[in-house]
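Dear colleague,

Please find below the structure that I am handing over to you, together with its sequence. My notes on what was found in it follow directly after.

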Amino acid sequence: MRLSRHTHAAARSPRSRKGLLASAIGLGLAAVLGAAPTAGAAAAPDAAAAGGPASYAAYEKSKENADANRAFFEAVKRAVAQERAAKPGALAVTVTYNTRNAPSFRSQIARSTQIWNSSVSNVKLQEVSSGGSFSYYEGNDSRGSYASTDGHGRGYIFLDYRQNQQYNSTRVTAHETGHVLGLPDHYSGPCSELMSGGGPGTSCQNATPNATERSRVDSLWRNGLAAAR
């Protein structure tokens, strides 16, 4: 998700991740990315530089956004079914991550993990020293922060320095992590809705998913597990 930026181009990196369905979802756009970012990743031209309510609303209703959300959720369902098949006795699926490439945001990431783990029951986040299902990165990118994932934690979350100074940094991190757990953007939502992202503006300080978002994550992962039985 991108809090204030939109882009239609793919990011480039020498470290490609083969087999990754990379649905990159930012506070302002869903795009296709397939590699981990570099710290100073070059940004694509901005498709909606204003990043205001009108541009958020227009994108939310677009076919591009609908297609990206559909692909994202299908990937979630497939991946979680595979996880259940590999661990048939698991009561909850554990998604692991590492923060080696985002040292400046370790406290925000820890808080985001705490928020999500206390909010949902059927999936848990756990930090590991290396490897893991996905990684956090930090750097400068005029497109803002975004998540590139197959919907089950395989991929990465990029945290942009400037955006995290403009917006509540824990909200940015928790929002992007919400994409890993299967939630789409909903820019027209109120500040009380975590996945409204940058829609409510920089004054929004909420970093906690609301009851509907919590229920949606639990339902998505519960249904995915059941499908693998």
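In these notes a residue is called buried if its relative accessible area is under 20%, exposed if over 50%, and partly exposed in between, with a 1.4 Å probe and protein chains only. Helices (H or I, at least four residues) and strands (E, at least two) are DSSP runs, numbered from the N terminus. This is a predicted model, in which local features need pLDDT of at least 70 and side-chain atom pairs count only at pLDDT 80 or more, while totals for chains, interfaces and linings use all residues. Residues are numbered from 1 along each chain as its sequence is written, and side-chain values use heavy atoms, with hydrogens and water left out.

I begin with helix α3. On its face turned away from the buried side, α3 carries the exposed residues Ser-107 and Ser-118. The buried residues of α3 are Gln-108, Ile-109, Ser-112, Thr-113, Ile-115, Trp-116 and Ser-119. They cover an arc of only 160° around the axis (taken from the directions from the helix axis to the C-beta atoms), which puts them on the same side of α3.

Together with β3 and β4, helix α3 makes a right-handed β-α-β unit, where right-handed means that, with the strands pointing away from the viewer, the path from the first strand over the helix to the second runs clockwise. Strands β3 (residues 93-101) and β4 (residues 123-127) pair in the parallel sense over five bridges (pairing requires that DSSP finds at least two bridges between two strands), and Val-95 stands opposite Leu-125 in β4.

Next come the aromatic rings, which pair if the centres of Phe, Tyr or Trp rings (for Trp, the six-membered ring) lie within 6.5 Å; planes under 30 degrees apart count as stacked, over 60 as edge-to-face and the rest as tilted. A search of the whole structure finds seven such pairs. The rings of Tyr-146 and Tyr-156 have centres 5.9 Å apart and planes at 70°, so this pair is edge-to-face. Tyr-146 lies in strand β6 (residues 146-149) and Tyr-156 in strand β7, so the pair ties together parts that are 10 residues apart in sequence. For Tyr-146 and Phe-158 the centres are 5.3 Å apart and the planes at 20°, so that pair is stacked. Ring pairs link Tyr-137, Tyr-146, Tyr-156 and Phe-158 into a cluster.

Finally, Gly-182, in the loop between α5 (169-180) and α6 (211-227), is buried, with a relative accessible area of 1%.
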